[in-house]
2 protein chains.
Amino acid sequence: MSTVPKRPKLDGEANAAEEEPENAETLEQIDACQNEIDALNEKASEEILKVEQKYNKLRKPCYEKRSELVKRIPNFWVTAFINHPQVSGILDEEEEECLHALNKLEVEEFEDIKSGYRINFHFDENPYFENKVLTKEFHLNSAAASENSDWPASTSTPIQWKEGKNLLKQLLTKPYGNKKKRNSEYKTFFDWFSDNTDPVNDEIAELIKDDLWPNPLQYYLVPDIEVEPEEEDENEEEAFD
Amino acid sequence: MSTVPKRPKLDGEANAAEEEPENAETLEQIDACQNEIDALNEKASEEILKVEQKYNKLRKPCYEKRSELVKRIPNFWVTAFINHPQVSGILDEEEEECLHALNKLEVEEFEDIKSGYRINFHFDENPYFENKVLTKEFHLNSAAASENSDWPASTSTPIQWKEGKNLLKQLLTKPYGNKKKRNSEYKTFFDWFSDNTDPVNDEIAELIKDDLWPNPLQYYLVPDIEVEPEEEDENEEEAFD
Ligand SMILES: [Ca+2]
Ligand SMILES: [Ca+2]
Ligand SMILES: [Mg+2]
Ligand SMILES: [Mg+2]
């Protein structure tokens, strides 16, 4: 039990003023201070957003140049995926084969940054599907979020599989197909890509955006030893190189 | 088993170049791109820091004005503490009495923001201790952090208890004194204040910094009904007001 009186909300009722009239005006003045602070916080957020937008623009040509260079390295992205400790976990053997055709990856934040982003996967002609680009797009903190029941949401390009090459379908008919978990524990890449049930907790998308996209070279160049714990005798292996 | 060769680190060995010599130069160019991107990221962080510093300066007079106004409201801070759902949980009955003497609270981020902050508790003359100000200070992400084994660290003003008024000592000799947990589950306010064992996970300090300090009015004015679930019949209570 508190010895201090609980007080009602200032805007709602005038109880605080009635109880202790000398406080009412002071509370109004504190509220005015608070509004000034809130306004400053909002201005700070806007300025920070502008800095982020400016640097997104400045980084863009670097990323584009990098993309062009990356295209010259065979299997760059699939190698980076394979060497990434978490992303490697969702790569089925045949998907890995398919991802050899992935020649460009792009992450684009929306202009206002907070509202979402998209990941574009660009493919060479390949035996698996007709699409040149597969896009997974996340609409997260938009102003529409509170009003629109379809928000937050993610969407994925429908994959136009070639005959008999539908990796998703094949995977679903495999015995372990039913055991697959949603998010963070995807069994396969295209299962992740096609799943839009929980866009706010899409760990794989976040790893691509925050880990692989800012610096894929570190994954391309460093072998992911944790994922192959069976290869314990490294010295012996190196002797065959 | 991957069909894609693992590659060694670029800087370390020249294997990538030896294996596929046509890639070596491209990898160097990608690395150069990556360095440009890193430099831009660093500049972005610096600009964002400057914005935050600018607004910390702009907010300061508002906070100071608010402090002066708050001093005119008896028991403002202790009421806000009592009405805060988590902070109320660490208020011992006698501490609550003692905190009636708390006339000013300040949260100061260090100039470079990331390296830490301090919380100053200013007290009126009171029957419990001699100090006018009790400060708990957090040194977190400083440049010294990696080199200095004393980082991260927090420090607390030693409390000069008046004779027979040591609330900490009293609490420690109470039967439940041994059961108290560290952090997030403190039993008492002065236990929290004096504890510096895990400065990076000081939940109470973070609640004061991120919740109470930015807008204490919302806690001062809104009764914390969750903490008193036994008062179920609200209408009946209001009839006695
Ligand atoms: Ca691997
Ligand atoms: Ca309470
Ligand atoms: Mg690319
Ligand atoms: Mg104050």
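Contact here means heavy atoms within 4.5 Å. Axes are lines fitted to C-alpha atoms, for helices over the stretch in contact, and angles run from 0 to 180 degrees between N-to-C directions. Helices (H or I, at least four residues) and strands (E, at least two) are DSSP runs, numbered from the N terminus.

This is a predicted model, where local features need pLDDT of at least 70, side-chain atom pairs count only at pLDDT 80 or more, and totals for chains, interfaces and linings use all residues. Residues are numbered from 1 along each chain as its sequence is written, chains are lettered from A and ligands numbered from 1 in the order in which they are written, and side-chain values use heavy atoms, with hydrogens and water left out.

1. **Helices on the chain B sheet.** Helix α3 (residues 76-83) of chain B lies across β1 and β2 of chain B. Its direction is at about 70° to β1(B). Helix α7 (residues 203-212) of chain B lies across β1, β2 and β3 (133-139) of chain B. Helix α7 of chain B runs at about 85° to β2(B).

2. **The chain B sheet itself.** Four strands make an open sheet in chain B, in the order β1-β2-β3-β4. Pairing is antiparallel; two strands pair if DSSP finds at least two bridges between them. The edges are β1 (102-109) and β4 (153-156) of chain B. Each has a single partner strand, so one side of each is left without a neighbour in the sheet. The twist averages 10° from one strand to the next. As background, strands of a sheet pair through backbone hydrogen bonds, either parallel or antiparallel.

3. Seven bridges join β1(B) to strand β2 (residues 116-123) of chain B. The two run antiparallel. For a landmark, take Lys104(B): its bridge partner in β2(B) is His122(B).

4. **The chain A sheet.** Chain A has an open sheet of four strands in the order β1-β2-β3-β4, with antiparallel pairing. Its edge strands are β1 (102-109) and β4 of chain A, each pairing on one side only. Neighbouring strands are turned by 10° against each other on average, direction ignored. β1(A) and strand β2 (residues 116-123) of chain A are antiparallel and joined by seven bridges. Lys104(A) stands opposite His122(A) in β2(A). Helix α7 (residues 203-212) of chain A packs on this sheet and touches β1, β2 and β3 of chain A. Its direction makes about 85° with that of β2(A).

5. Glu137(A) sits in strand β3 (residues 133-139) of chain A. Its relative accessible area is 18%, so Glu137(A) is buried (under 20% relative accessible area; exposed is over 50%, partly exposed in between; 1.4 Å probe, protein chains only). Which side chains does Glu137(A) meet in polar contacts? One is Arg118(A), at 3.1 Å. Another is His139(A), at 2.9 Å. A polar contact is a pair of N or O atoms within 3.5 Å; within protein, one must be able to donate a hydrogen and the other to accept it, and residues adjacent in sequence count only if both atoms are side-chain atoms. Not counting residues up to four places away in sequence, Glu137(A) touches Phe110(A), Tyr117(A), Arg118(A), Ala153(A), Ser154(A) and Thr155(A).

6. **Ile159(A), buried in a loop.** Ile159(A) lies in the loop between β4 (153-156) and α5 (167-173) of chain A. Its relative accessibility is 15%, so Ile159(A) counts as buried. Leaving aside neighbours within four places in sequence, its contacts include Phe129(A), Leu134(A), Phe190(A) and Phe193(A).

7. **Aromatic pairs.** Rings of Phe, Tyr and Trp (its six-membered ring) pair if their centres lie within 6.5 Å; planes under 30 degrees apart count as stacked, over 60 as edge-to-face and the rest as tilted. The count is 32 aromatic pairs over all chains. The rings of Trp161(A) and Phe190(A) have centres 5.2 Å apart and planes at 80°, so this pair is edge-to-face. Trp161(A) is in the loop between β4 and α5 of chain A and Phe190(A) in helix α6 (residues 189-194) of chain A, so the pair ties together parts 29 residues apart in sequence. Both residues are buried. Phe81(B) and Phe189(B) form a tilted pair, 6.0 Å centre to centre with 35° between the planes.

8. **Charges over rings.** Arg66(B) lies over the face of Trp213(B), at 4.7 Å from the ring centre. Lys165(B) lies over the face of Tyr128(B), at 4.9 Å from the ring centre. The rule: NZ of Lys or CZ of Arg is within 6 Å of the ring centre and within 35 degrees of the ring normal.
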